[in-house]
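User: I'd like to learn how to read a fold from its coordinates, feature by feature. Could you walk me through one?

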Amino acid sequence: LVFWGTRTAAARGESNASANLFAVPEIYDGTGSGQPGTLEQLEYETKAYATDLRTVTKTAWVYIPYGYDPDGQYNILYLLHGTGDDEAYWLKKFSYNKTMVDNLIARGVIDPLIIVTPTFYVEEDCMDSLDDLTYSFRDELRNDLMPAVESKYSTYAETADESGFSGSREHRAF
């Protein structure tokens, strides 16, 4: 599924054919489903892996599906922005993406899931060489973000450690 819809193509001034190619059907892209998920901001500690390994506090946005059951099990998607954006990009800044996810879940197209939108930026580090931040994010994801998220929310990971993550790998995407 492509969540960015026709708005992106139209905003770029592309042709109607190109807009239709990426168009999201109105039933998903329109009004809310009446079953809105919620967004929560999660604060977690991590390291400045690309530079001096100092401890920093970062935030991520977490989408919690409508009807979330803390005793259930949910697939989880870690959704990273592109260069120049931040953790608010996908679901907060462009809230129509959240509306589409709500509608896809409400209509049974996708199962309820948890979506986490972090950022790879660490304070003002590496502003001249973002590749270092991008490549080091894998350490933050595995060592800090996944444990922070999957110890708080109900996923398929029985534990928020190497064993739990390995055992639930079929229920997680990045």
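User: In which sense do strand β2 and β4 pair, and over how many bridges?

Analyst: This is a predicted model, so treat everything here as computed from it. Strand β2 (residues 55-64) pairs with β4 in the antiparallel sense, over three bridges. To find a spot to look at, take Trp61: its bridge partner in β4 is Thr117.

User: What about β3 and β4: parallel or antiparallel?

Analyst: Those two run parallel, and four bridges join them.

User: Then what is the strand order in the whole sheet?

Analyst: Walk across the sheet and you get β1-β2-β4-β3-β5, an open sheet of five strands with mixed pairing. The edges are β1 (38-47) and β5 (172-173), each of which pairs on one side only.

User: And how does that compare with reading along the sequence; what pattern does the chain follow?

Analyst: Along the sequence it goes α-α-α-β-β-β-α-α-β-α-α-β. That's seven helices and five strands. Another way to look at the fold is through its contacts: of those with a separation of 6 or more, 67% are between residues 24 or more positions apart.

User: Back to β4. How should I read side chains along a strand?

Analyst: The general idea is that in a regular strand the side chains alternate between the two faces of the sheet. In β4, Leu113, Ile115 and Thr117 are on one side and Ile114 and Val116 on the other, and all are buried, so both faces are covered. With five of its five residues buried, β4 is largely enclosed by the rest of the structure.

User: Which helices lie across the sheet, starting with α5?

Analyst: Helix α5 (residues 96-106) lies across β1, β2 and β4, at about 45° to β2. Then there's α6, which lies across β1, β2, β3 (75-78), β4 and β5 and runs at about 140° to β1.

User: How do I judge whether a helix like α5 is enclosed?

Analyst: Count its buried residues, taking buried as under 20% relative accessible area. Eight of the 11 residues of α5 are buried, so the helix is largely enclosed by the rest of the structure. The buried set is Asn97, Lys98, Met100, Val101, Asp102, Asn103, Leu104 and Ile105. These residues pack against α3 (26-29), β1, β2, α4 (89-93) and β4. Just after α5, Gly108 takes a positive phi of about 75°.

User: Where does α6 bend?

Analyst: At Leu141, by about 50°.

User: What does Leu79 touch, leaving out its sequence neighbours?

Analyst: Look in the loop between β3 and α4, where Leu79 sits. Beyond residues up to four places away in sequence, Leu79 touches Trp90, Ile115, Val116, Thr117 and Pro118. Pro118 is 39 residues from Leu79 along the chain, yet their C-alpha atoms are separated by 7.1 Å.

User: Last one: what do the totals say about burial and surface?

Analyst: Of the 174 residues of the chain, 41% count as buried. The chain exposes about 9,400 Å², with carbon and sulfur atoms supplying 48% of it.

Notes: Residues are numbered from 1 along each chain as its sequence is written. This is a predicted model: local features need pLDDT of at least 70, side-chain atom pairs count only at pLDDT 80 or more; totals for chains, interfaces and linings use all residues. Side-chain values use heavy atoms; hydrogens and water are left out. Two strands pair if DSSP finds at least two bridges between them. Contact means heavy atoms within 4.5 Å. Axes are lines fitted to C-alpha atoms, for helices over the stretch in contact, and angles run from 0 to 180 degrees between N-to-C directions. Buried means under 20% relative accessible area, exposed over 50%, partly exposed in between (1.4 Å probe, protein chains only). Accessible areas come from the Shrake-Rupley method with a 1.4 Å probe; for residues, only the protein chains shown count as cover. The bend at a residue is the angle between axes fitted to the seven residues ending there and the seven starting there.
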